[in-house]
Amino acid sequence: LQRPDLGRHRRLLGPGARWSALPPGRRVTVGWLVTRAIMLVLLAIPENTVISDVTYYFDNLSHLAAGAGVTDVLHEYPLPVLLLVGIPYLFSFGNRYLYGALFVLLMFVVDACFCRLLFLRAGRQQSAAVTLWLAAAVMMGPLMITRFDQVTGVLTGAAVIVLARRPRLATLFVTVGAALKLWPAVLIPALAAPRSTRVKVLVTAALSGLLVVGTILAIGGVERLLSPLHYQSDRGLQIESLPALPFMVLWSLFREPWMVKFSSYITSQVYGPGVPVMITLATVASALAVAWMAAVWVRAWRLGDRVDAETVGWIILASTFLLLLTNKVFSPQYLLWLAPVAIAMVAVAPARDTGVRRLAVFILIIGVLTQVIYPICYIWISETSWINPFGVAQLVIRDACLVGAAVYTVSRAWRETARLGEP
């Protein structure tokens, strides 16, 4: 048998590889271009259906341009979302294909800015955080550039990075994220934990929050301000949510009396005996999650200036995990709320903290599992003629990984906020 030619492998990946001799900035640029090109290939071939949300944004914006009111379009999102998704529309000349390309370009710009921030944080070196963000493109997949959830995740991650030096800017990042997706609003108390910057954070959050709310009220009124909350509260049990998992297992094995249907909320939901009770239990679990958040906020505030950016990051990440896993709704793009924050924590954590790096890698692995579920094998869990235990087994594995990551994150957040002498 011939021995494998290791020379080519070393030229590509070894210490003597040509690309490894490049200056750090150029090397990161090449890595970013290559990984993003791979993501575009995934979008073009096996995962092209994920562009559907971008088409949905375009259709709603066209309706708005034709004379519809702001209360009639994208009412499931806060009003500022119209500004974000409307930027590409202004230059699309009403062409859906050009709009799609411009939307993807806008998400690439957000992605590149975060990569640049990580690079600068590392002293213009390719740190572990930079490498993880480069890998995120392939491991999280094309949802990064076809959903605006990346924007809220990146803003929250950026807040963790700049909090120590620029607390007001960190607060603005989270406030803008809340204006787009609501959930970052619950992270403000965590940002306010360090005593020396607490007043700055709270005042900035109050003023920017009032500005956002006042603008929404002036343009769309109370109805448009509250429409995202009404929309979310009226939704059913989405098939990828953790509370839906028992019913998905039962449906895959026995079919009736459970069923899955594509709802008017543009998601697949599960229906049948026990579902209303599970929705109630999920609501209770969400309330308990908020109670835990309040407890950890108190612990962090009592620590005063011993709270650093890493501790704040653990609180933010744990809170986000709890919000996701106790909710009756879960979509694949919600992982984009987690990955940037975890990678930002790698950037601010001491080099000896291997736990945060392992967690970030694990979240990216969950991203790979999620790509297999959606969109590649989605019909195996959403279509009656295709549903099978193997498809639901993928959900079980992915959800088990999410629960494991959440347990570790919650325990770390609790330990990080313990006072000296406390467990």
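The stops below say what to select and what is there.

**Ground rules.** This is a predicted model: local features need pLDDT of at least 70, side-chain atom pairs count only at pLDDT 80 or more, and totals for chains, interfaces and linings use all residues. Residues are numbered from 1 along each chain as its sequence is written, and side-chain values use heavy atoms, with hydrogens and water left out.

**Stop 1: T152.** Select helix α8, residues 149–162, and find T152 in it. Helices are DSSP runs of H or I with at least four residues, strands are runs of E with at least two, and both are numbered from the N terminus. Is T152 buried or exposed? T152 is buried, because its relative accessible area is 0%. Buried means under 20% relative accessible area, with a 1.4 Å probe and protein chains only. Now show G177, L180, K181, W183 and W337: T152 touches them, leaving aside residues up to four places away in sequence. Contact means heavy atoms within 4.5 Å.

**Stop 2: the core.** Select V85, Y99, W133, F148, M248 and V270. These have the most contacts inside the largest nonpolar core, which has 129 residues. Helix α15 (residues 335–348) gives the largest share of this core, twelve residues. Such a core is a set of buried Ala, Val, Leu, Ile, Met, Phe, Trp, Tyr and Cys residues joined through side-chain atoms within 4.5 Å. Zoom in on M248. Beyond four places in sequence, M248 touches I239, V260, V270, I381, V392 and L395.

**Stop 3: helix α13.** Select residues 275–303. Among the buried residues of α13 are W292, M293, V296 and W297. The cover over its buried residues includes α12 (245–254), α14 (309–325) and α18 (389–416). Step just past α13 to G304, where phi is positive, about 65 degrees.

**Stop 4: the cavity.** How many cavities of 30 Å³ or more does a search of the whole structure find? One. The largest cavity has a volume of about 60 Å³. Select its lining: M140, L143, P332, Q333, L335, L336, G367, T370, Q371 and Y374. The elements giving two or more residues to this lining are α15 and α16 (354–376). The largest share, four residues, comes from α16. A cavity is a set of points on a 1 Å grid over the protein atoms alone where a 1.4 Å probe fits but cannot get out; lining residues have an atom within 4 Å of a point. Grid points are joined across faces, edges and corners, and the volume is the space filled by probe spheres set on them.

Conventions. Buried < 20%, exposed > 50% of the residue type's maximum accessible area, 1.4 Å probe, protein only. 1 Å grid on protein atoms, 1.4 Å probe; cavity = no way out; pocket = protein on both sides within 12 Å on 5 of 7 lines; lining within 4 Å.
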